[in-house]
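Dear colleague,

I am handing over a structure that you have not worked with before, and I would be glad if you could look through it with the notes below beside you.

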Amino acid sequence: MQLKSKDLLGLEGVSREEINLILDTTESFHEVSERSIKKVPTLRGRTIINFFHEPSTRTRISFEIAAKRLSADGVNFSKSGSSFSKGETLLDTVKNLEAMQADVIVMRHGIPGAPHFIAQHLDAAVINAGDGAHEHPTQALLDMFTIKRHLGKLDGITVVIVGDIAFSRVVRSNIYGLITMGARVILVGPPTLIPVDIEKMGVEISYKLDDVIDQADVIMILRIQLERQGKVCLPSLREYAKLYSLTPERMKQARPNAVVMHPGPINRGIEIDPKIADGDHSVILEQVSNGVAVRMALLFLFAGRKELTEKR
Ligand code: NCD
């Protein structure tokens, strides 16, 4: 079994078999991070460039650690300090990176579709590490890996995703992935943060967390993306917290074994109460650990794709 595409640009159109291949490969790399010597020679001699045009803590460091654990040469590149300020275009920049024989370019960019644009012009594999409010496929894969580890399956489970549905790239990738894997997805948030017609993606909608929380195997909380919301979508964060924050009080209605997730960064006291974020249901830091294994699997699966395309 092989992945169909040279790149991982999103989970839209990625099949159940491909997702299973990625999750199974992740399982085999997960163990490497638990050893005292956390390194294998798998990608020795490969070059991975992390190209982050937007702020990132978890995703960038996770890709960096993943490359190091596979013995690849990883190089980090960020907007500040680059020649963007001298007027160089995005395409010229990445063509230069490829001329230095990069095998994989991991890209985060504020503009939706930026990784898709560069992928068309490069032989190197491109992995989308978040493009605007569009997709964040590696986050959804690590979320699915974490869920599978806890519940044993994705098929038939109910995932309630709460918060800023309109501006979250994490939710879009999770919807594509979870629906493909046979999960039931319920989106919850204020009407101003739920896009019209999103039901067409195969999801259900609720405007009240209290109405659906008891059905959840997984409660996934999203940050309010204030930096992306051009206009005011909420009367106040206090009112939002009153209706949607995951508090100990609200958690009493949840199933005893419900799993609480958040992609980070957390705004404590707004979308989630610290007692829940740090409590027994929370797997938030496990998501971060699993993120390294997922990215190791993806670098492994995509670093060899360039040669395959060249041979064709
Ligand atoms: C998310 C992102 O940047 O899209 N964080 C992440 O990658 N772990 C979510 C967010 O910013 O709220």
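The notes that follow go through the domains, the ligand site, the salt bridges and some details of the backbone.

Please keep in mind that this is a predicted model, in which local features need pLDDT of at least 70 and side-chain atom pairs count only at pLDDT 80 or more, while totals for chains, interfaces and linings use all residues. Residues are numbered from 1 along each chain as its sequence is written, and side-chain values use heavy atoms, with hydrogens and water left out.

The chain is divided into domain 1 (16-135 + 288-311) and domain 2 (137-287), with bounds that come from an automatic or database domain assignment. The C-alpha centres of the two domains lie 26 Å apart. Where they meet, 29 residues of domain 1 are in contact with 31 residues of domain 2, contact meaning heavy atoms within 4.5 Å. Domain 1 and domain 2 bury about 2400 Å² between them, 56% of it on carbon and sulfur atoms; this is the accessible area (1.4 Å probe) that two parts lose on being put together, summed over both.

Across this interface there are three salt bridges, a salt bridge being a side-chain nitrogen of Lys or Arg within 4 Å of a carboxyl oxygen of Asp or Glu. R149 forms a salt bridge with E27, and their closest N and O atoms are 2.7 Å apart. On the side of domain 1 that touches domain 2, the elements that give two or more residues are helix 1 (16-30), helix 2 (58-69), strand 3 (104-109), strand 4 (125-131) and helix 11 (284-303); helices (H or I, at least four residues) and strands (E, at least two) are DSSP runs, numbered from the N terminus. Helix 1 gives the most to that side, with nine residues.

P263 has a backbone N or O atom that lies 2.9 Å from a nitrogen atom of the ligand.

In the whole structure, a search finds 14 salt bridges. In one of them the side chains of K4 and E18 meet at 3.3 Å, N to O. Because K4 lies in the segment before helix 1 and E18 in helix 1, this pair ties together parts that are 14 residues apart in sequence.

Two backbone details remain. Most residues other than glycine have a negative phi, and most peptide bonds are trans. G264 and P265, however, are joined by a cis peptide bond with omega about -5°, and P265 is placed in the loop between strand 9 (259-261) and helix 10 (274-277). S71, which is not a glycine, has a positive phi of about 65°, and its place is in the loop between helix 2 and strand 2 (73-78).

With best wishes

How values were computed:
A polar contact is a pair of N or O atoms within 3.5 Å; within protein, one must be able to donate a hydrogen and the other to accept it, and residues adjacent in sequence count only if both atoms are side-chain atoms.
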